[in-house]
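Here are a few exercises to work through with the model open beside you. Try each task before you read its solution.

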Amino acid sequence: MTAVSASATPVPDPLGCASLAADLDAADLRSAPLRRLWGEEADDALARGMREPILRAIEGDEGTLATLGRFFVLGMPQPRRAVEAALPRLGVDGLIGLGLATATDDVVSPTALLRPQSFVDADGVGEWWIASDLDEVALGRALPADHVLGVGGASRTLAEIVVPIEVDRALDLGTGCGIQALLVSRRAGRVVATDISSRALAYAELNARLNGIGNIEFRLGSMFEPVAGEAFDLIVSNPPFVITPRTEGVPEYEYRDGGLIGDALVEQFVRTAPAFLTAGGTAQLLGNWESRDGVKGLARLDAWVPGDLDFWVVEREELSPLAYAELWIRDGGTTPRDPEFTPLLTAWLDDFAARGVTAIGFGYVLIRRGQAPVLRRSEHVGQPVSGVGEALGRGLVAHDLLASGIPATLFTASDVTEARHLLPGNDDPSVIELRQGGGFGRTVNVDPALAAFVGACDGDLTVGQIAAALADLFDVPLADLWAELEPRIRALLIDGFLAAE
């Protein structure tokens with residue numbers, strides 16, 4: 001077999017995309033059939049950069065699914081006759097016309113990956129075919145600077161955190177391969193998808209056509225320039241936020257590097273986005289922020305967002321400059337065994353030292369043009385469980401509801417459990433915890449009165465009746481008990497432990 005070809009620019013021809021989609025559908029090139037073909041263990045190994053287990057599992061298999069698996073999923077050249085047979089409607093010439101392959105008389109070489117990508121949202125379960133550039137495994141070398149990334153961990157994180165609301169107009173800023181635009185298109189009337197890379201937009205448009213999505217408009221340009229003067233009900237962005245030294249010899253990957261110094265790209269986004277939001281509109285993004293000279297990154301981030309806007313930031317993790325540098329050097333395909341590693345590490349550490357950076361936070365930001373009173377919340381929460389977008393949405397709804405006071409009747413959320421810790425021989429718990437089974441998976445320490453209140457929230461009694469009963473039970477004045485419970489009940493509503501219905 002010949003070597004794989006260098007990355008090319010796709011051509012999102014409508015007829016070609018329709019033919020390719022029909023061939024892929026007929027071949028059943030989807031996640032479940034592929035996992036059955038080569039086994040779950042081999043499939044999981046591919047996610048860790050190993051394709052040999054798959055190749056061993058399908059060795060000698062010349063069937064359509066195996067051929068397309070090797071060609072599109074692994075990015076490996078295949079015999080021309082096998083590709084022609086696997087794509088009878090599109091054919092090899094059509095594949096070349098879409099910019100997804102090159103060919104000789106005997107061999108067809110992919111210039112892109114095309115993989116099935118499953119998704120779950122409020123409307124159900126589905127799957128798309130997503131095309132992107134060949135990865136390091138297929139290329140056999142480090143990524144080129146103009147690499148268009150497929151669906152990675154950051155893409156899945158953003159998809160998980162977007163609040164599932166129906167909107168008229170949405171913006172996907174920095175769309176890349178287009179996965180966020182596709183997801184948002186399921187609950188938006190129209191979507192505008194922008195990117196500074198024309199190659200990325202070509203992939204995004206091809207993916208939309210391939211999956212039959214017709215309500216997305218694609219525009220070329222940097223940040224908010226392509227949508228000047230417009231407003232959106234929802235803005236989502238997985239921007240190229242990775243902090244990269246502006247030093248000669250350091251690769252500037254378009255998919256992750258916005259070309260600015262430090263965390264200036266995230267600052268620019270959060271300062272600018274509010275001007276492009278409709279009343280009640282929401283912007284959500286992933287990002288990094290630096291702690292500098294004793295000022296925590298979350299505090300710097302809070303200062304960038306005007307005080308009249310709702311602002312909710314969740315910091316998932318915080319890395320040292322060394323850990324951060326190593327993470328992203330490896331992400332580009334360079335390991336400590338390579339001679340380029342040490343110069344790159346030096347460049348990153350020098351860059352952080354020049355700005356007095358002591359730590360780098362990663363997480364997600366939500367900004368909303370809501371109504372008074374505003375919500376301002378910065379917190380550090382580890383790995384979430386599931387349904388983060390729904391949890392954020394419920395938190396916003398609860399915040400708005402609380403503007404009129406605590407509702408008369410409350411219910412304990414269905415995923416909440418209670419844990420009591422007792423010292424040996426002691427009947428009274430020393431610690432009582434409320435735990436969430438979904439969302440952010442929070443654990444909250446509560447006292448017996450608050451635990452009893454939450455336990456009684458089943459709709460049979462009003463909040464006032466529960467509070468009065470607890471005041472009698474604990475033999476304390478109702479006013480004193482309520483002064484203690486009220487702010488904590490509000491927090492439990494926003495956190496999703498309690499709900500109004």
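**Exercise 1.** Find which strands each supply at least two residues to the lining of the second largest cavity, and which one gives the most.

*Solution.* Start with the strands: β11 (310-319) and β12 (357-368) each supply at least two lining residues. β12 gives the most, with three residues. (Strands are DSSP runs of E, at least two residues, and helices are runs of H or I, at least four, both numbered from the N terminus.)

Before going on, note that this is a predicted model, where local features need pLDDT of at least 70 and side-chain atom pairs count only at pLDDT 80 or more, while totals for chains, interfaces and linings use all residues. Residues are numbered from 1 along each chain as its sequence is written, and side-chain values use heavy atoms, with hydrogens and water left out.

Next, list the whole lining: Ile161, Gln284, Trp312, Val314, Tyr364, Val365, Leu366 and Leu392. (On a 1 Å grid over the protein atoms alone, a cavity is a set of points where a 1.4 Å probe fits but cannot get out, a pocket is an open set with protein on both sides within 12 Å along at least five of seven lines, and lining residues have an atom within 4 Å of a point.)

Last, sort that lining by class: seven residues are nonpolar, one is polar and none is charged. (Ala, Val, Leu, Ile, Met, Phe, Trp, Tyr, Cys and Pro count as nonpolar, Asp, Glu, Lys and Arg as charged, and the others, Gly among them, as polar.)

**Exercise 2.** Work out how the lining of the largest cavity divides by class.

*Solution.* Pick out the lining residues, among them Pro240, Phe241, Arg246, Asp257 and Gly258. By class, the lining has six nonpolar, three polar and three charged residues.

**Exercise 3.** Describe how helices α18 and α19 cross, and say which residues make the contact.

*Solution.* First, take the axes: those of α18 (463-474) and α19 (478-495) come within 9 Å and cross at roughly 120°. (Axes are lines fitted to C-alpha atoms, for helices over the stretch in contact, with angles from 0 to 180 degrees between N-to-C directions.) That makes α18 oblique to α19. (Under 35 degrees is roughly parallel, over 145 roughly antiparallel, 65 to 115 roughly perpendicular, and the rest oblique.)

Then find the contact, meaning heavy atoms within 4.5 Å. On α18, Val463, Ala467, Ala468, Leu470 and Ala471 take part, and on α19, Leu478, Leu481, Trp482 and Leu485. Finally, count by class: nine nonpolar residues, no polar and no charged ones.
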